[in-house]
Amino acid sequence: MPKKRSGGGLSPTQQAAKFLGVSVLAGAVMAGIALPAVGALGLAAKGSVESFDELPANMRTPPLSQRTTILDSRGDDIATVYSRDRTVVELKDISPYMQKAIVAIEDSRFYQHGAVDLKGVLRALNRNAQSGGVAEGASTLTQQYVKNVFVEEAGDDPTKVAQATQQTLGRKIRELKYAIQVEEELGKKKILENYLNITFFGQQAYGVEAASQRYFSKSAKDLTLPEAALLAGIVQSPSRYDPVNDEAEATKRRNIVLQRMVEVGDISQADADKAMKVPLELEVSRPQNGCITAVKGASFFCKYVEKVFLNDPVFGKTKEDRAKIWNQGGLTIKTTLDPQAQESVQASLKDHVNQDDQVAAATTLVEPGTGKILGMGQSKAYGYGKNETEYNYSVDSAWGGSNYGFPTGSTFKPFVAAAALEQGRPASQEYSSPYDMDYPSPVQTCSGKPWLNTGPKKATVENEDESEVGPYRLEEAMAKSVNTYFVQMISDIGLCPVMKMTENLHVVQGNGDKMPEVPAIALGSKGISPLTMATAYAAFASRGTYCSPVAIESITQKIGNEQKSLQVPKSTCSRAMSEKTADTINALLGGVIDSGTGQEAGLTDRDSAGKTGTTDERKNAWFVGYTPNLAGAVWVGSATQQVQMENINIGGVHHDKVYGGRVPGPIWRDAMTGALTGKEAASFNHIDLPEPEKDRDSEDGDGERGRGDGNNDNGNGDDQGGLIEGLINGGTDGGPDPKPSFSLPEGWIQGGDNGGNNGNGSGGNWP
């Protein structure tokens, strides 16, 4: 019978023997290992582990989640994102005071024992027996490191975290097994380095470098004795010893660490006494995590970069693979964002649109010939409060944008003109272009089945002003944005060439769907994102070569202390139209700025071209334009499509009516001017357009108007939907498409409750 203490319990020695016996025996049974007596008990620095499986790679170099830094094209910080705020450093870059302090307080015999400290176990058992509870632990620093690796791998999954920290014999045996292997293969210095990089120091700081920056705004290599003692003391209980929230408790703990350093011979009593008198002198750096903290108004671009990473297969075969890399972090992402262009975008938006206006504005700048996104911003700040939004109005819904993009109005007309030129129509092409007319019928489609304008009430279209009566030739029709001209053009060449042109330019709706094959697309009724429009117009600037948009130039990933480069998406360039067609479009759109609806957007120091657009009921206004070396798109409107921009104040200026040439045009002009300052003033490849036979004064508006009802089914349009959406969506049963993020007025996406194949609705769009 074992000898019992007077209280009926086992003596400390007996408890120690029982603990060790159970651990060793259970370990042999449950883990299938035979612990060598000397190594397991820690009586030598290293023990034989030949009977163990190979040490997992994650124990040698743990997959530590680190911060990811997003840079602009010049290498300056845009934002830092992380799931764990951590920066891995080598032991040589950690203050010797810090190294000594953590060992003194957490495992003072670290350099004398192996994976398990027998003396520490006996001491802890004795003290715990005397206190009647758990007054002291016996885990070595190596065992703590192993446990932290398991916790790190669990991430933010509560189930996995619970499994990694559960107080079971099986987990303890597994930790012991790996701790012995770690001691054998890594050595003391590497274990200490890994431990200091993995452990949690409170205030969202993981690892000593992040902790040093958080509490003292300095590198870990520069920590003083009292600072190092403070950080070492936090580890045992980051919430209890948090110096930010409880300075007195943290100070007491720091002083305990200092005294312990004296006891183990790391410092003298005099040094400790001096350090104890020093106030904490915190210089706290608040956590700066996420795109919401991005500089230069680049929060939306930052989120776009994140979306690209999480969605592009180049970064991993599955979403889970990509998310794992992103969450692990340690990435340095150099982007295409040009700081000069970005600052100009934000300044222009701020000058023309207030954050609390009824409407918002978004601007995107793209480099022709490369597809590089140089600037991206909007008037509503990134966030979740009043007059803030998390939606990026510049991009498609898949990349964090609005569900459908925004109707583009007359900015779509250059695509129709380019298709006609590719079909051999001359730049002098003339149509009768009356003030109003029925939609011509039939119109040929790619399928061979013609579109027909039939029914009891035919679909009609009209110009912005009654004075706009043809005949017109292409140059004047483009400058004035004559609706009936482009409807006649699309009827003349058929829909298939226009479909092919939009495919060549990768023009899709904001939800990713292709453009519908109906005549009304000539008037820009479908929702498209500013990035899509800017990239498409950039093809005109580069003489017909389309280049897909890119936001990332390079990525390096830091794993441990090693760096590796990751493959990044590249822009894909292709011929969208002939150089002659692009040159002709450039001349035509130059006329829009010189003498047409876009005069307020003109640049004075270089060649420029562009097109205005204003949609049905003035709910959207656009200007999309370019120079030979920069393209940009500006949208102004309400994301909910519920604000009619008439008798409205925008940016402190009253507007009776908003046109694409007003508000969007000046925003584009100022953004481009600042972005191009100091840059080469390149010229277009100029061609001479045929002289018009007669002069006509340009009007202020540039509108698309249409009226009509479909007749193949029994639906009637409503006043909000307009002919254009009725024509496009007339064959779809039901009301408006579901809009999970916000409500849009009835008819914006569909013309009516139950439309026909030819569409329904009444209303109109203006450029």
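**Strands first, then helices**

Modeller: Thr 332 has Thr 556 in β15 as its bridge partner. This is a predicted model: local features need pLDDT of at least 70, side-chain atom pairs count only at pLDDT 80 or more, and totals for chains, interfaces and linings use all residues. Residues are numbered from 1 along each chain as its sequence is written, and side-chain values use heavy atoms, without hydrogens and water.

Strand β3 (residues 331-335) pairs with β15 (residues 552-559) over 5 bridges, in the antiparallel sense. Strands are DSSP runs of E, at least two residues; helices are runs of H or I, at least four; both are numbered from the N terminus. Pairing takes at least two DSSP bridges. β15 also pairs with β16 (residues 562-566), again antiparallel, over 5 bridges. There, Lys 558 stands opposite Gln 563.

Now the helices. α10 (residues 208-216) packs on α11 (residues 225-234) at about 115°, with axes 11 Å apart. Axes are lines fitted to C-alpha atoms over the stretch in contact, and angles run from 0 to 180 degrees between N-to-C directions. On the α10 side, Val 208, Ala 211, Ser 212, Tyr 215 and Phe 216 make the contact (heavy atoms within 4.5 Å). They meet Glu 227, Leu 230, Leu 231 and Ile 234 in α11.

Last comes α14 (residues 299-311). Its 13 residues, at 1.5 Å a residue, should span 18 Å, and its end C-alpha atoms are 18 Å apart, which agrees. The expected span is 1.5 Å times one less than the number of residues.
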